Amino acid sequence: MISLVSRSLQLLLLLLIACTATAEHTSNWAVLVSTSRFWFNYRHLANVLSLYRTVKRLGIPDSQIILMLPDDMACNPRNAFPGTVYSNADRAVDLYGDNIEVDYRGYEVTVENFIRLLTDRLDEDVPRSKRLGSDAGSNVLVYMTGHGGDQFLKFQDAEEIGAWDLADAFGQMWEKKRYHELLFMIDTCQANTMYTHFYSPNIVATGSSELDQSSYSHHADNDVGVAVIDRWTYYVLEFLETQVTSANSKLNLGDLFDSYDESKIHSQPGVRWDLFPGGEPEGRLRTVVDFFGNVQNVEVENANATEPGSLKEDLAEIAKLVEKWQRRDEEYSAILNNSTQQTENRPSSSVHLNQKKTVGPTRMTDESSWGKRLVGLSVIGACTAIWVAGSYLGR
Amino acid sequence: MALKSAIRNLRNNPHLLFVRLPNLLSFLCIIVGVVWLLLLPLNEYSRNTYISENALLPGQVHAYFTGSEQNIFRGYKQELEGLLNVGQKSEDGQDQVELTPVISNKIRSVFEASGLKVATQKYEYKSAGITHEGENTYGIIHAPRGDATEAIVLIATWKTANDELNLNGVTLALTLARYFKRWSLWSKDIIFLITPDSKSGTQAWVDAYHDLQPESVQPLPLKSGALQGAVAIEYPFDHRFKNLHIVYDGVNGQLPNLDLFNTAVAIAGGQMGIGSNLQEMWEHDDSYEARLQTMLRGMAKQGLGYATGAHSSFMPYHIDAITLQTKGEGWEDEMALGRTIESLCRSLNNLLEHLHQSFFFYLLMQSNRFVSIGTYLPSAMLIAGNFTIMAIALWMRTGYHEDAKSDMSSDSSQSKKKGSASVTSKSGKPVGLNGPAVAERLLALPLTLVTGLHLLGLVPLYIFNTIPHQFFTTATYIFVVVDIVLPLILAVLLSNGLGLSTPLVPQQYLLIKSFALLLLGLSLSTLATLNFSLSLTIGLLCAPLSFITRSDCSSNPQRFALSGLGLGLLNLLSPPAVLLGACQYTGVSVETVLTEAAYGWDVWGMWTQVVVWCVWWPAWLIGCVLLGSSIF
């Protein structure tokens, strides 16, 4: 009987493990970062705001979007259209609109704050809006734009984040179970160098340009007087806005990356698949809305957790115990055989233990179960009698 | 081994080491310096201009100054024209109309009607017996959404730098003020400044803006933030224009940031399709000759260091400024100029900090080609270095006894035979391994003389900056005579030991020359970093001073003839003689030049005269004294 139980437990465990590997994520988070300030970098803020608008359209709520804007273009005195930010010269969509929540603004956008945000090394008094509340079931979209170079991205003219810093931040996120899958997008000069050092699993990374390549702006608005959007972001957005029309879109990352047209982008965008389990073939199948949209999947409490006390942990522990019992069982039977062949009394601890163990179940069976059953029956009977009496009397 | 023996030979040959080698080196320095300068216009040594400052974004905005604004312009112009005293025409038929209080009031009321804050400032300058006075009118547009910490200045002078009536320019400024006031996108205040002339008005205004005005200039009742840039507009005729002439030279050869010039060229050429000229080069075919000529004209202006326009006065305060002058006969009208200025203002408005990215030291040779200080500086440095080399060589040479040379030449074969073991002296003189003996230098008299003559330079500096302008020509001719006589008198005095001591020994003459050249070399190499052109010009004019020396060995008639000829030639290179020659060549009267110079000293804070009278003139005088002393 024990072997049967153990086998079924093992099966359950296997099922569970297989389940976590292909499990759907349970929440979506987006971290959208512009790293440059000043009027002439209008386009970087427009990039981020465009993407902000898209992820909101596809269903990620403001509470799950961390928006980092180092400057306020809408209120810049040089802005010919006060209170607005546009990412297209046709000025059809005001990105600033009425409902925008900037979580990190101005000089709060620093490398330190960004890394603290990702790795959740924040003080207790930091409000929820400034925290990335993702967990092991969250798909996280990280989009960055600014001025960069070979393996660095400038933050606000004062400091820079290196490719290793970013890789380590994502590494810690993985260790702290802060993402399930992560899509990293970056639009800057020599962008692809930024993800070369990533080492934690389940990351798909894409950038706008290769080493020694510049990323270019797409077009300028002659009334605003500055370039309003970068090329790569423009074409990514074009795909998202025209193809991914609803949160139910079945288009996958493969489609998105296949839409890159070097002749339009004027630089060579890159994609990194190797950290993703299953590599490119598996990664391509992830839908775009897995990262840009939101899910409403219900999460079984602690189903995927592995800390002490969780279901998974318990199951594993039970499986281990079952195995131990099995071994003991075999040993015991072997000893029994040996003892019948050789000597009757052998002062071995294992026998002693076995004897003790056998005592345990007997003790349990010794309890007067019949008595308990009688008590139970009488209680039920009494209750029924009260009910019958009550219903009869209440009529 | 060959090298070692060569060095040993050199050490044992003081004549070669201290006389011939420095001469050769100095000469090479001058030649290389000049050739270097001539190479600069080549493609390999000059560079294309580019915009360094990301924030400028020249020509990226659409300029809307068109259409109905032209009617406003015509209206304002008519109003101003009605106030001109046309009867006041001068004999040559040109309008000689001053900025009268009536016109000033009109300008004031136009600014006020456009919603600007207006103020006026009276000023008065006296220089070389001439009084310059006038009243500046200016209006400020406060940035509607900006903080009042920065400002841009638009200047329209009533009279252009060439003394023409700048009616279109002033009217354009008034129209632009009305037009700009309606935009809400200014991050900096915009100041419209109307001055009576381009020489004194802006100087008075910018001095007062920084509270550094003299007594005779009124303080400003109304101010704004730190000035970030200034653009002066000149449109002194009624027909349409073809090109923009961009004037950028400041006082003392200071230049505006190259980005400002580039932005103006980029906007005019790229956005408006208006060509731009510089340094009065109307026909520039981008050939080597044209480039060289442009560069040399720029250097001449820089070297003279005078204010070339209304913008020049801003440069000493580190405010980048240019003047846009309309030139030629074409199809561009005042609206095109207005749009250019609008776009330029939008670019300056984009600035986040003071222009600092691009070069402040450069030579332009075409509106899109320049050399930076790193490339051109060696030229002036080599020429200044030649004096220093010579001075050091002379100093070393004075450390040896005069007879050591003959000793060495006669004993060289002997000492070679003896080998390096012969360290003992002959005839009681200590002879080191280096051969000649060490002499004591008699420093007192040479030092006193050189210092005294440099201080003497203050006398002409004072005279030429204080006497009334009518006497300038006479004073110059008198000074030519003084320059002929003074060295001879000094030479006679010196050969008599100034009546104090025994006649001067040759070593003292060498020391005098050494100190004079040392000072000249030091001053010029320092000056080269500040005003390259002035340093180079004076270096070239002083070049002969390295090589002239007091000769006393050759026979008498030959010596007299040589010295006399040398003195004559050197007198052609004296500061007043060069001034007369240059005036003759350019056709400008001496009086005009010196009046301008005195004005520069009194008003603009120009330092050119100090360099001429306290660096160049003393060095030249000492050269003449040395040459003259060989006669007596």
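In this predicted model, A:Thr145 stands opposite A:Asp187, a residue of strand β8 of chain A. Another facing pair that involves β8(A) is A:Tyr143 with A:Met185. The strands concerned are β4 (residues 138-145) and β8 (residues 181-187) of chain A, which run parallel and are joined by seven bridges. Strand β4(A) also pairs with β1(A), again in the parallel sense, over eight bridges. Here A:Ser27 is found opposite A:Ser138 of β4(A).

These pairings belong to an open sheet of seven strands in chain A, with the order β3-β2-β1-β4-β8-β9-β12 and mixed pairing. At its edges stand β3 (104-105) and β12 (270-272) of chain A; each has a single partner strand, so one side of each is left without a neighbour in the sheet. Strands of a sheet pair through backbone hydrogen bonds, in either the parallel or the antiparallel sense.

How many of the residues of β4(A) are buried? Eight of the eight are, so the strand is largely enclosed by the rest of the structure. Both of its faces are covered: A:Ser138, A:Val140, A:Val142 and A:Met144 are buried on one side, and A:Asn139, A:Leu141, A:Tyr143 and A:Thr145 are buried on the other.

The charged end of A:Arg37 sits over the ring of A:Tyr107, 4.0 Å from its centre. In the case of A:Arg373, the charged end sits over the ring of A:Trp370, 4.5 Å from the ring centre.

Aromatic pairs come next. A pair of aromatic rings is described by the distance of the centres and the angle of the planes. Over all chains, the count comes to 39 aromatic pairs. One of them is the edge-to-face pair of B:Phe27 and B:Phe547, with 6.3 Å centre to centre and 75 degrees between the planes. B:Phe27 lies in helix α2 (residues 14-39) of chain B, and B:Phe547 in the loop between α16 (532-542) and α17 (556-572) of chain B, so the pair ties together parts that are 520 residues apart in sequence. B:Phe27 counts as partly exposed, at 48% relative accessibility, and B:Phe547 is partly exposed with a relative accessible area of 31%.

A tilted pair is formed by B:Phe359 and B:Phe370, at 5.3 Å centre to centre and 50 degrees between the planes. B:Phe359 lies in the loop between α9 (334-350) and β10 (362-366) of chain B, while B:Phe370 is in strand β11 (residues 369-372) of chain B, so this pair ties together parts eleven residues apart in sequence. B:Phe359 is partly exposed, with a relative accessible area of 21%, whereas B:Phe370 counts as buried at 1% relative accessibility.

Ring pairs in chain B also build a cluster, which links B:Tyr64, B:Phe65, B:Phe111, B:Tyr179, B:Phe180, B:Trp183, B:Trp186 and B:Phe192.

Note on methods: Residues numbered from 1 in each chain as written. Chains lettered and ligands numbered in written order. Predicted model: local features only at pLDDT ≥ 70, side-chain atom pairs only at ≥ 80, totals over all residues. Heavy atoms only, no water. Phe/Tyr/Trp six-rings, centres within 6.5 Å; stacked < 30°, edge-to-face > 60°. Helix = DSSP H or I, 4+ residues; strand = E, 2+ residues; numbered from the N terminus. Buried < 20%, exposed > 50% of the residue type's maximum accessible area, 1.4 Å probe, protein only. Lys NZ or Arg CZ within 6 Å of the ring centre and 35° of its normal. Pairing = 2+ DSSP bridges.
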